[in-house]
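Subject: Handover of a structure and findings

Dear colleague,

Please find below the structure that I am handing over to you.

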Amino acid sequence: MDLISIIGNAGTGMSAFRAQVATASNNIANANTPGYARQTAVLTETIPEEDAGTAGFIGRGVTLQGVVQSRNQFIETQLNTAFANSARSTAQSDALATVTALDPGATGGITDALGRFYASLRDLNQNPGDLSLRQAVVNSTQAVSTAFNRTAISLGSARTGIDEQLTVLVDKVNSIAASIAELNGKIALAVNSGRTPNDVLDVRQNLIDQLAQLIGARAVPDTHANVSMMLPGGVCLVSGSVAAKLGTQASSANNGHLDLVYTPTDGSALVSLKPGDLGGQVGGLVNARDAILGKAESDLNTLAYDFVTAVNDQSRLGYALDGSGNHDLFAVLPDATNAALRMAVDPTTYANPSFIAAAADPTSGPGDARNLQAMIATENTKLSGGLNVQDAMAKVTSDYGIAVAWVNDAAEFDRNLLTDLTTARESASGVSVDDEMTSLLQAQNAYNALVKVVAISSSMLDELMQMF
Amino acid sequence: MRVTEKMIFQSTIAHMEAARGNLAQAQNEVSSGVRVQHPADDPVAAALSVGHTVDRARYLAVANAAQRAADELGVADTALGTIGNVANRALSVATQFGNDSYNAEDRASAAVEVDGLYDQVIGLLNSQYDGRYIFAGYNDKTAPFDGAGDYHGDDGVRTVEISPGLYQSASLNANVIVKGSGGGVDMLQALKDLAAALRNNDGEGIRAKVGDFNTVITQVTVGRTQAGMAQNAFQAAVTTANAAASDERVKLGKLLDADILDAATRLASAQYALSATLAAAAKTMSLSLVDKLPNR
């Protein structure tokens, strides 16, 4: 091998080590960039060309083979699901944390008001002809109605609040899906021309993570370097470089709450997405809105309807102070639809408490409280669910409590799993500044040594030249 | 395992969040005294608390009603006691002025006293408690006895709960006790008869009333015994219902209230954990190769 070639080889090596320094410095700079995967400059020895006869081959130094990303596809696939699950349960847990409508021990809550309602009937039993006690019954009937109204409003507004969040999230989903579709196009172009656009891949990966968190979309890579995004129900949100659009639409079957609709990528008609089609934050919020808050709301409506009907049925059998019959204590509810919201005192009785039907006989005096006692006994009447009013209320509370507690537990579990997986991803793909410093020093030492090689070779060349 | 700086930061954040979360929870329990704020905190306790809250209100209402019934019976008993005294006085008058040694004038002046006794009894029979005529049956908003001694009430017997769903009669029927309805002696008629016999100077008629007043005294005594027994039953009901209500309060407390000792212990341990987490984080974060390399 000639001295000129040695200097040339050292130069190639120096540029390889410069690339290593540049890669390490890029890594250090991006140590905290979300979605960034550590890059490594891969150095490889140059294939020896010179045959040194029987002594074998003499190597020709080192070259930069390429810069690669460190990503563990196994972890990435699991992370995709973990992001979606954690976002789903956390969104539910957060949405439900602020709902205080069914808190036990709340003064003015349904439980409290039910207790006071029956207590006021018992007070009236003491002196059924007394108008001030009758007024007290009307007041407690009003109070129990208001307690149901307030709880229904509180549950309803929590659901409406979720609708507002959904509108914002859907916009975000659309914009991210569009970006992924666009990046798919760019990446496919670069890959097909033989290069790997590491930094664009990082950006896309970051968007994929976000979309998984938002709506539980799963990433499905294809052979052309595209990543398609599928919703949990199999609906395709991003296909190659085309993104579908999601929208919202008020559902009359669900008290005007918003349904998610999807405009398919092929331009066909709008499709309404079912709760099972959705995951992530959006899926969690829809579940909290319909399966948890919606169920509590509908249970409460059934309870309100049954309770009002049981009390009214008994009330109609009795007689008012003037001997007239067929009076209601609560305003009649036609069915359970929004019953808790519509519960109120019967307007006639509200205006004139003497119409409270305490007597069992139209001709008996004002002291007759036999029908009132039968109305007190409605506290033990089995309602449609086979439970009396207080047990039914307890069931509404515990069903709701168990659902929320389960969501909270799931949120913690999912968060822990996500933490484990992000740690694993960080371990595989994250930047360790210490590692990069070591790599920098290693490259620096090698570079310095190669400079010496050039100097020595050059001085050898000088010596040679001076012979002439 | 490769450990990067970001992992250290992330795990520090996660641990600090967990420690701060525990700290906030314990602090909240200690300061509010409430363990179960939302149904999700303890669904079973939250559900049971519904029953105990309603039961407690029910027992308090039963205690309240029974107390009022007992008070009312006390008023009735006092009225009957006075009516018994009146009957005794009428008996003395009948016995004394039945003796024919008294002349028409003496008997006429005694008749005035008997008129007074009659008015007193009417007044007592129209006794009220809480705006109700207590001897009127269901017809308790009108005075049951008029000046002529006619009864305008009915035979309705008021009942009041002594325990939830269990009713006991809480009124006395003056129509039976004083008017002798159903086979007894009508005290008001007997007083009217005695006054008339005195005015007529009718010794035979006066002496004939002695037996009537003896019967009336027995009727009133029986009535007072009934009142006393019912009053005792209601007093016992008050005690029982109040005890049950406070029992419900204790159960509610056990379900929903924070165990302050336990919460305070957890508060202390959460503080300790947070401070340890912070100290550990500070130590780990200060370790970096960058700091150890000599400047060249």
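This is a predicted model: local features need pLDDT of at least 70, side-chain atom pairs count only at pLDDT 80 or more; totals for chains, interfaces and linings use all residues.

Residues are numbered from 1 along each chain as its sequence is written, chains are lettered from A and ligands numbered from 1 in the order in which they are written, and side-chain values use heavy atoms, with hydrogens and water left out.

**The interface**

The size of an interface is often given as the accessible area lost when the parts come together. Between chain B and chain A, the buried area is about 4,400 Å², and carbon and sulfur atoms give 56% of that area; buried area is the accessible area (1.4 Å probe) that two parts lose on being put together, summed over both. Of the area that chain B buries against chain A, 16% is supplied by Arg2(B), Lys6(B) and Tyr138(B), more than by any other three residues. Chain B brings 50 residues to the contact and chain A brings 59, where contact means heavy atoms within 4.5 Å.

Three salt bridges are counted between the two chains (a side-chain nitrogen of Lys or Arg within 4 Å of a carboxyl oxygen of Asp or Glu). Arg58(B) forms a salt bridge with Glu379(A), with 3.1 Å between the closest N and O atoms. On the side of chain B that touches chain A, the largest share, 18 residues, comes from H2(B).

**Buried residues with a charge**

Arg134(A) lies in helix H4 of chain A (helices, H or I, of at least four residues and strands, E, of at least two are DSSP runs, numbered from the N terminus). Arg134(A) is buried yet has no salt bridge, and the nearest side chain of opposite charge, Asp130(A), is 7.8 Å away. Buried means under 20% relative accessible area, exposed over 50%, and partly exposed in between (1.4 Å probe, protein chains only); for charge, Lys and Arg count as positive and Asp and Glu as negative, whereas His and the chain ends are not counted. The side chain of Arg134(A) does reach the backbone oxygen of Pro128(A), at 2.7 Å.

Asp277(A) is placed in the loop between strand E11 (271–272) and helix H6 (280–317) of chain A. Asp277(A) is likewise buried without a salt bridge, with Lys274(A), the nearest side chain of opposite charge, 4.2 Å away. Leaving aside neighbours within four places in sequence, Asp277(A) is in contact with Leu231(A), Pro232(A) and Gly233(A).

**Two further buried residues**

Leu155(A), in helix H4 (residues 131–192), is buried, with a relative accessible area of 0%. Not counting residues up to four places away in sequence, Leu155(A) touches residues including Val99(A), Leu293(A) and Leu300(A).

Phe17(A) lies in helix H1 (residues 3–29) of chain A and is buried at a relative accessible area of 15%. Beyond its neighbours within four places in sequence, the contacts of Phe17(A) include Leu43(A), Val62(A) and Tyr447(A).

Yours sincerely

Methods: A polar contact is a pair of N or O atoms within 3.5 Å; within protein, one must be able to donate a hydrogen and the other to accept it, and residues adjacent in sequence count only if both atoms are side-chain atoms.
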